[in-house]
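Please read them with the structure open.

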Amino acid sequence: MLTTIRDLFRFSPSFRFGSLILLVVAILVLLSAASPYEEDKLRRKVKRNQPPAANYVFGTTSQGQDVFWTLTYAIRNTLVISSIAVVIGRGIGVVLGMVSGYLGGTFDRVTQSIVESVIVIPRLPLLILIGAILRGSMTMYSLGIMIGLLDWAYPSKRYRAQVLSLREREFTHTAIFSGMSTIKIVIREHLPFIIPFMLADVISGFLFSIGIEVTLSYLGLANLDSPTIGTMIYWGNYYQSIFVGRTWVMIAPVVAAILMVLGFYLVSVGLGEYLDPRKRLVRLQAHTDDNSEASPDDADPRKEKDV
Amino acid sequence: MNLLRTYILPRLLQWVMVVFVGITATFLIPRLSPVNPVDEMLARMTAFQSMDPDSFAAMRESTIALFGLDKSPIEQYITYWSRLLQGDLGPSFGNFPRPVSDIIATALPWTIGLLGTATAISWTSGVLLGALAGYYHNRRWAQVIERFVVVAYPIPYLIIAFVLILIFAAWLQWFPLVGGARGDPGFNWEYISSLLYFGFLPALSIVIGATAFRFIMAKSLTTTEIASDYVQYAELAAVPKRKIMLYYVARNTMLPQVTDLALSLGAIFEGALITEVVFAYPGIGFITYNAIYNGDYNVIMGVTLLSIVGIATASLLIDLLYPVFDPRVRLR
């Protein structure tokens, strides 16, 4: 595992860059613990509408919040919401996709036609409908659960495709003919292929959930008292910061959102390159060809397989 | 006849299924929720006045009867369908008694115009740029485009819209912040140019995201395609590179992109919804936003239903057009 990360860090510029961005994000999240203001008492603490200066690094809002310290909480809360959504959505997706891939038959056909229908249905209007009904009683956690419950269709389809292709591989047939039990095949032979795929999939789940959190909060459908990236934009918009030229209130959450999704995405691109055997070969060949910093050990594909 | 049975019929069934699942979901969601929409609505309506409890109870009764919530769930479900089939989405609470279908009909052309233009531009440019960048992947410009796309791809539509507003409307002040058009509607240059002027940033914010999505797919398809034998043969036969690229590679990568467009329409539609809110563009997204703000529950319901049926129908049409592009489906 550690060797894999080290190799990725060395050979994949996008992984390197992405994990550096995520490191910055993580530092901001950790800083929220050192904030001089409590999370639910951020308002009316500092002078209103101050532009960025030495004492207020990112300025202050129209509600008397310090933008920087609010942002640390906002990033943390947005990540919490997305994590809940990812765990629920991918949980359903993995189970449904793998079960329908392994079972096949009528169950598979019925689930597939439901999944296909759910994929086509636009999710945002449904989320807006649910959000509008539950408005006022929405918390950070219920928002996460709600997003997760609507984000399982596409992942389940992809896991099913993975399982179907694994089932047709040579080694599965070998395992079956040598009398290995089904459970053992799934755990010992197939899971090592599914887990890296899941890792990349979890990251794309984060991308979706962050986007939806920001969108729903911006529409005023989340709990507007807890700071998230979306609610920061909501309040900035509510006090018309762009019209009156207080752009710093908007720039901070917008840039934070871009950094978060970009960090996640670049890491997943790096992982994807690592997972795709064709690309891995190309990369390894390129490195043995110019032989700039890679030692022959690093370029041995068999070595990476043991990791 | 074979085409009808193996291709068209399954897709029609799929459409029926999508519409059925979607409409049933919109029926179930309000009824399964812990919050009663009627109480929510009445609380909003009586927020600024005091009312004696008896008349409040009477009002509650009559509202429940109006929605037919006093009947059994199955009866409600049947009435729900029969009303939908007649195109009756109920009255708007915000602009009582204007019917919801009327409000949506006014907003729909704006959304279709914005969405249609943005989808056409982003699909074409994404497919072409992706094919070019995939084919000439060693060139400097191809790498520059790819860097740009990799940065733009994961950013949510809302954030793209705000970045554009901050740069072009707040800082450079080239484009207006909000609105749809200026002047009297009509076929004159003044009105049409203002349509373009006001629509530019909203359309651009959708185009950026959708092009990036298309580009990444087109590039990976092209990378697989140029490894195939016919491309190597054409190269050995000294067919001009531009010709290989445009006539063979790009055309072959377009087919999966057509199918994928049908699947990704929902995502682009969501982008259009949110873009309209940010730019106060007078389409479906904007009336949804106002409806959320006013607690106009019927309008939100109507928009949800319309978007499900609309997206499903648009996907169906794309799927049905597919045999026109791909002769293999016709001959199978």
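1. Start with A:Gln240. The model is predicted. A:Gln240 counts as exposed, because it has 12 C-beta neighbours inside 10 Å, and the cut-off for exposed is 12 or fewer. The residue lies in the loop between helix H10 (229-238) and helix H11 (248-275) of chain A.

2. Now its backbone. Most residues other than glycine have a negative phi. A:Gln240 has a positive one, near 55°, and is not a glycine.

3. Chain B has a case to set beside it. B:Ala280 is not a glycine, yet its phi is positive, about 50°. B:Ala280 sits in the loop between helix H10 (241-279) and helix H11 (284-294) of chain B. Is B:Ala280 buried, exposed or partly exposed? It counts as partly exposed, because 17 C-beta neighbours fall inside 10 Å.

4. Next, a helix pair in chain B. Two packed helices are described by the angle between their axes and the distance between the axes. For helix H1 (residues 2-32) and helix H12 (residues 297-325) of chain B, the angle is about 170° and the axes are 10 Å apart. H1(B) is therefore roughly antiparallel to H12(B), since angles over 145 degrees count that way.

5. Which residues of H1(B) and H12(B) meet? From H1(B), they include B:Leu3, B:Tyr7, B:Arg11, B:Trp15, B:Gly22 and B:Thr26. From H12(B), they include B:Met301, B:Thr304, B:Ile308, B:Ala312, B:Asp319 and B:Pro323. By class, this contact has 15 nonpolar, 3 polar and 2 charged residues.

Conventions:
Residues numbered from 1 in each chain as written. Chains lettered and ligands numbered in written order. Predicted model: local features only at pLDDT ≥ 70, side-chain atom pairs only at ≥ 80, totals over all residues. Axes fitted to C-alpha atoms, helices over the stretch in contact; angles between N-to-C directions. Helix = DSSP H or I, 4+ residues; strand = E, 2+ residues; numbered from the N terminus. Parallel < 35°, antiparallel > 145°, perpendicular 65-115°, else oblique. Contact = placed C-beta atoms within 7 Å. Nonpolar A, V, L, I, M, F, W, Y, C, P; charged D, E, K, R; others polar. Buried ≥ 20, exposed ≤ 12 C-beta atoms within 10 Å, placed from the backbone.
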